[in-house]
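Please read this briefing alongside the sequence and the model.

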Amino acid sequence: MNPQTLLYQITETSQFMMSFVLVTKADNVIVIDGGRAEDMPLLKEYIGGRHISAWILTHAHNDHISGFLAEYHRNGLADFDIEKIYYHFPPYHALKGRTDVPSPSYFDTELEECLADFAAIELALAPLAHKVIQGESVTLDECRIDFIYTYHDGLFSNLMNDASLVFKITAPNKTVLFLGDLGPEGGDVLYEESRHLLKADIVQMAHHGHMNVGLEVYAAIQPEACLWCCPDWLYNEPEIPSYLQNRKALRDIGRTGMYGTAVTRRWMDVLGVKTHYVTKDGTNTLIL
Ligand SMILES: [Fe+2]
């Protein structure tokens, strides 16, 4: 038995990836995303050959799950002892070719980035796969995972980010809310449906801290500490980043309510958050 429940926020080998490993007292592991192929060696170090009770895939973007996909194609995930994979991705075949969306070309790019690959192997993964239902809870050793938000049909301007799983891990001493890469629109839905469920001690900042959910979501969470999956340039980006300077172009593809990391950091100051764990500084270890 381990004396404590530990959460590792793993630092980037590839830029702005997201990867967490939680080790329970019974020495089982919960993996969240994992990053890209380059991030796999460090991920394996932290997993340390332990049994993986749950591998949670938040959403089908390459900075989150392309490492998982690469490992599948390399050797069928043989380096991992996986009990179950949790995910809820948009339905690739039902969405492919749709044109009644804000930007069909962007929509198609989103579908092809990782989801097409995952859809092709989904049948083979079926013995391990668990498609998450919003509202369900899973208990793994001393940790409970409550899944608060999954894919919502119709959020198409920021398809994959707004399909991020949102879930809360309740460990013996701390609660951690994971927001994946949820954007402003997904954040609105999350707030409307589930603001009463959001309070947590620690929050993983949505979409690496920029172009993310709104202040009201973080105000409902009332975190004491924030987890940022950010390289230095992203954590310290300018007040109005270059990608937000053409608001009309963004509005044209249905993207509104987006701000840079500097604004999100100020929100956290307003909320009185004093502790920030940032991947730019290395792998961070939290006792839960
Ligand atoms: Fe991301």
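What is the order of the strands in the open sheet of seven strands? The order is β8-β9-β10-β11-β12-β13-β14, and the pairing is mixed, where two strands pair if DSSP finds at least two bridges between them. This is a predicted model, in which local features need pLDDT of at least 70 and side-chain atom pairs count only at pLDDT 80 or more, while totals for chains, interfaces and linings use all residues. Residues are numbered from 1 along each chain as its sequence is written, and side-chain values use heavy atoms, with hydrogens and water left out. Helices (H or I, at least four residues) and strands (E, at least two) are DSSP runs, numbered from the N terminus.

- The edge strands, each pairing on one side only, are β8 (137–140) and β14 (275–278).
- Strand β12 (residues 202–204) pairs with strand β13 (residues 225–228) in the parallel sense over three bridges, and V203 stands opposite C226 in β13.
- Helix α9 (residues 261–270) packs on the sheet and touches β13 and β14, contact meaning heavy atoms within 4.5 Å.

**Strand β3 and its partners**
- Because five of the five residues of strand β3 (residues 29–33) are buried, this strand is largely enclosed by the rest of the structure; buried means under 20% relative accessible area with a 1.4 Å probe, protein chains only.
- Strand β2 (residues 19–23) runs antiparallel to β3 and is joined to it by five bridges, with V29 in β3 as the bridge partner of V23.
- Strand β4 (residues 51–56) runs parallel to β3, with four bridges between them, and I56 in β4 is the bridge partner of I32.

Note on methods: Buried means under 20% relative accessible area, exposed over 50%, partly exposed in between (1.4 Å probe, protein chains only). Axes are lines fitted to C-alpha atoms, for helices over the stretch in contact, and angles run from 0 to 180 degrees between N-to-C directions.
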